[in-house]
Amino acid sequence: MTAARPRIFLSYTWADETAVDVVEAGLEARGIDVVRDRDIHVFDPITENLRRELDRSHLLVAFYSRRYPTRYACQWEFTRAFLSALHHHEDPTDRIVVVNPEGDDRHIAPIEFTDAVYLPWRHDSDVDVLAKAVLEKVNRLAGPMGGVPDSSGREFHERLRHPRRFVGGYRALWDVHSALQGDGRFASQAPKSHSVVLVKAPPGMGKTALAEQYGFLFRDAFPGGQEWTGLGDVVGDVRAHWAAELNRVARTRFGIGLTGLDLRQARATLGERITAAGQDVLWVVDDVPAGLDNDVLDELVVPSPFVRTVLTSRTGTPDWPVRTVALDGFTPVEAEELFRAQWPDLDDDERSAVADLVRRSHGHPLIITAAVRSLRGGQGTGALQQFPEDTGSVVDVLRPIVEARQRHARAVLGFASLLARAPFGGDLLVEGLSPLLGERTPVLVAEALDELDAHCLLHRVHHGEGTRRQLWQLHALVADVAGVDLDHSLDALAQQASAVVLSALKTKSTDMCAHAVKIAEHPAVPASRRLELLRAVAEVYEEHGDLLAARAARRAAVGAGGERPLARDVLAAARIAVETGETQEVLRLTEGLLEGSDGHTEYRARFLAACAHGLDGDIAQADEVFHEHELVGQFGFAPVWMPEEERDKTVLMRMAALRRRGRYKEAFEGITGLWSSLRAEHPTGTHAGPWPRVAIEAARLQLLSGRVIESRATADQVIRVLGEAGLPRHHLAREAVAVEAEGELVLAWSERRARTREWELATKKVARALAESVEWYGPDNPLTLDLQVLHGLTLHNNSRPGDALKVLTDAEKRIHASLGPRHPLALRARLYTGLATANKGDWAGARKIYEDLLPRHAEALGRRHPEAQLTRFQLGVCLLKAHELDLARELIDEAAPVLVAQHGAWQQWASMARVAQGLLRLPGPLLRLASTIESLTRKTGG
């Protein structure tokens with residue numbers, strides 16, 4: 001280092017001041033400059049000057065007594081020096097010297113500073129050894145510590161200026177950090193995926209406070225920032241709330257929405273974006289409910305090596321393989337530190353009383369802090385010794401403290417107790433309490449917040465650094481007491497709260513949704529208001545694309561209607577269930593509206609039921625319930641009384657239904673108007689609104705009706721638009737990949753002069769798409785199964801019938817298990833199995849397959865469906881091979897016109913059918929067909 005005098009920062013607690021004076025004097029006498037924070041008391045704020053002095057120092061010398069880790073400032077100083085060293089790619093032991101005045105090292109954290117790393121302090125003469133060690137370390141350094149950049153972009157963090165009354169827990173904080181960072185914390189290393197720790201403790205033991213303190217002290221270890229998700233008051237489906245949180249973070253961080261992605265794909269998409277950003281992110285999932293399955297717990301972890309996850313819960317999950325940090329209550333030393341904030345000096349009797357209180361309360365933080373606040377002016381009066389003997393019940397201890405608060409403070413507590421365990425602002429309290437407190441409400445609420453904060457009954461929310469206003473949160477145990485002995489009725493407050501929260505939901509912010517759901521459950525809230533709240537919550541979630549959360553709210557609205565829910569709520573719930581693929585729920589909801597409802601309601605119910613049947617592949621039921629129902633004859637497929645957006649959805653669904661029925665040209669003509677208007681409005685495409693759905697339907701119909709080049713261009717555009725929006729995993733993007741791959745297959749067939757190479761390329765492209773779908777969606781997802789069946793066809797067409805049969809046999813088993821044997825995809829897989837069987841030369845086996853399949857195909861899809869006719873055609877080919885010409889001619893003559901009409905004359909099967917028709921009309925055809933029949937089952941064989 002330079003010739004300048006070495007400079008050290010001396011970190012210590014008040015109890016060790018005498019020894020620290022010796023250290024300071026000894027070091028300065030040896031030419032070492034010493035900086036120390038002489039004027040900071042227990043919970044005084046960290047100053048800008050203090051941070052500057054620490055960053056300018058070469059070393060931090062920590063006088064690490066048993067009281068040292070209880071002090072807020074000591075925790076901050078030690079952690080900042082540690083993280084500063086890591087930021088500059090240094091070993092923290094080169095920047096920190098630990099002096100241990102105790103007889104053991106069990107109080108020291110992190111563990112890397114125990115054993116031979118620390119310097120013992122037994123006598124004043126030990127300063128010689130300390131000075132030597134300091135000089136040796138400083139001489140190896142290039143300069144001062146330098147600090148860590150503030151990743152939040154703000155000059156100074158709010159928690160430094162307004163610290164929480166947090167004592168102790170330093171070892172637990174390091175246990176959390178160790179679990180998240182792995183074993184190599186001193187070295188630069190590749191981050192590990194799924195770095196997770198579970199903080200476990202009974203109610204009120206400080207899980208949330210510890211997570212907040214960790215996020216604050218170790219914030220510089222997470223340059224990518226922090227996210228906070230609370231699950232404390234989640235009603236019903238945790239997964240729905242979590243999906244909404246993923247969507248929120250994706251929107252705020254990356255400007256993308258995750259609408260249309262299932263939870264698996266939403267997690268993966270967000271994880272990929274965070275990974276691409278390349279900066280560590282801390283994600284706290286607070287108050288995880290007990291009893292969740294391991295699969296659900298796994299879903300609460302974003303799959304990225306740059307995401308570190310802290311979960312807090314009242315209970316652990318022994319068989320969930322993550323590190324657990326169990327919190328204990330305060331120690332006597334930590335409790336003394338809290339009392340010292342009010343009583344500067346404690347005598348032996350008071351220390352003994354503190355230790356006895358800790359023993360009786362098991363160190364429960366709420367009981368200890370309640371005692372500290374209640375006995376603020378009671379030092380020397382014996383009040384501490386007389387603090388309630390029975391401290392087994394936290395609620396019993398809190399009750400007199402709550403009752404002693406001023407009337408307006410108790411009113412604030414009462415109102416807050418009606419809300420969810422989610423942050424809320426003072427403005428909500430002011431609006432809600434104005435009828436009770438009158439014109440001075442803003443002043444009284446401000447006074448109440450200060451009073452409740454001072455007595456630790458309400459605490460400031462410090463997670464979420466982007467918060468522009470002060471938010472507050474009420475602990476669940478305090479909420480249990482808040483309604484006791486109030487001067488007003490909680491029922492009246494609940495009714496007022498319901499009106500205020502309902503009004504706040506008009507801003508379309510999701511911040512109020514948890515509060516609205518909680519208040520809607522209160523028995524004093526009228527049924528009509530309850531429905532208004534739940535509908536408003538659903539609308540907010542739908543506005544943000546949070547479909548699972550919207551579904552939960554719609555379900556709750558239907559449930560709130562009792563045995564006769566309103567049709568509007570039933571239809572709204574069914575509509576969301578269609579969007580999320582819950583087909584059985586759709587059918588259950590709409591069943592009661594299919595008869596006896598007014599015409600418009602019945603039409604909508606039948607439309608939604610038909611959507612569900614279509615998703616299930618049950619075309620006959622969809623026809624019966626809607627497409628061939630007399631009500632559709634009355635109103636048509638695009639009723640003028642429908643709003644335009646709903647009418648467009650109806651048209652789109654109808655065209656998809658026609659496609660499933662094999663009426664490709666009619667469907668394409670029907671969608672052309674809607675597709676043309678959307679292309680004119682969005683010439684380059686957009687991931688928002690109906691464009692992607694209409695585009696992919698148009699691409700399918702273009703392909704099936706012979707417009708292959710157009711189809712590929714449309715599918716490519718869908719893939720590009722969704723990819724640029726950060727949504728390559730979206731199911732519509734994956735459907736576009738399948739359409740594009742099938743288009744490659746059709747083009748390969750048409751390129752006769754380069755057919756072998758084209759087939760190989762098409763086969764490889766389908767195989768890549770299939771492998772990607774297996775990785776992303778899993779092997780049993782319908783999108784994956786569709787690609788697997790298509791892959792089987794490409795292998796067949798590429799003269800690899802053995803490989804094709806293996807792929808198709810596996811696909812059939814999976815389709816039967818997940819979709820059922822009557823699903824159109826199961827029938828298609830069976831059809832292609834017949835093709836591969838014939839391709840192997842087993843014409844009798846192929847014939848048997850087609851004879852079994854043909855009536856099933858006709859029943860499920862209709863006699864004139866192109867796939868049913870393709871089965872008919874292939875059975876005709878098998879009969880032709882067996883020289884049964886009359887029956888073969890009958891089958892092929894029926895199939896050929898349908899295949900040509902729907903697919904176009906040059907589509908693979910249509911073209912083959914035309915060739916077969918022509919051959920069957922030649923004189924003496926058998927001799928001429930002998931070497932040609934095989935080519936009617938595959939592309940490359942003739």
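This is a predicted model: local features need pLDDT of at least 70, side-chain atom pairs count only at pLDDT 80 or more; totals for chains, interfaces and linings use all residues.

Student: Is His-89 buried or exposed, then?

Tutor: His-89 has a relative accessibility of 65%, so it counts as exposed. You will find His-89 in the loop between α3 (72-87) and β4. Look at its backbone too: phi of His-89 is near 60°, a positive value in a residue other than glycine.

Student: Which value does phi of His-362 have?

Tutor: His-362 is not a glycine, yet its phi is positive, about 55°. Its place is the loop between α12 (348-361) and α13 (365-374). With 67% relative accessibility, His-362 counts as exposed.

Student: Which residues does the cis peptide bond join?

Tutor: That bond links Ala-109 to Pro-110, and its omega is about 5°. To locate Pro-110, go to the loop between β4 (96-100) and β5 (119-120).

Student: Now the whole chain. How many helices and strands does the protein chain have?

Tutor: There are 41 helices and 13 strands in the protein chain. Of its 942 residues, 56% are buried.

Student: And how do I read contacts along the sequence?

Tutor: Take contacts between residues at least 6 apart in sequence: in the protein chain, 70% of these join residues at least 24 apart.

Student: What supplies the exposed area?

Tutor: The protein chain exposes about 38700 Å², and carbon and sulfur atoms supply 50% of that area.

Key:
Residues are numbered from 1 along each chain as its sequence is written. Side-chain values use heavy atoms; hydrogens and water are left out. Helices (H or I, at least four residues) and strands (E, at least two) are DSSP runs, numbered from the N terminus. Buried means under 20% relative accessible area, exposed over 50%, partly exposed in between (1.4 Å probe, protein chains only). Contact means heavy atoms within 4.5 Å. Accessible areas come from the Shrake-Rupley method with a 1.4 Å probe; for residues, only the protein chains shown count as cover.
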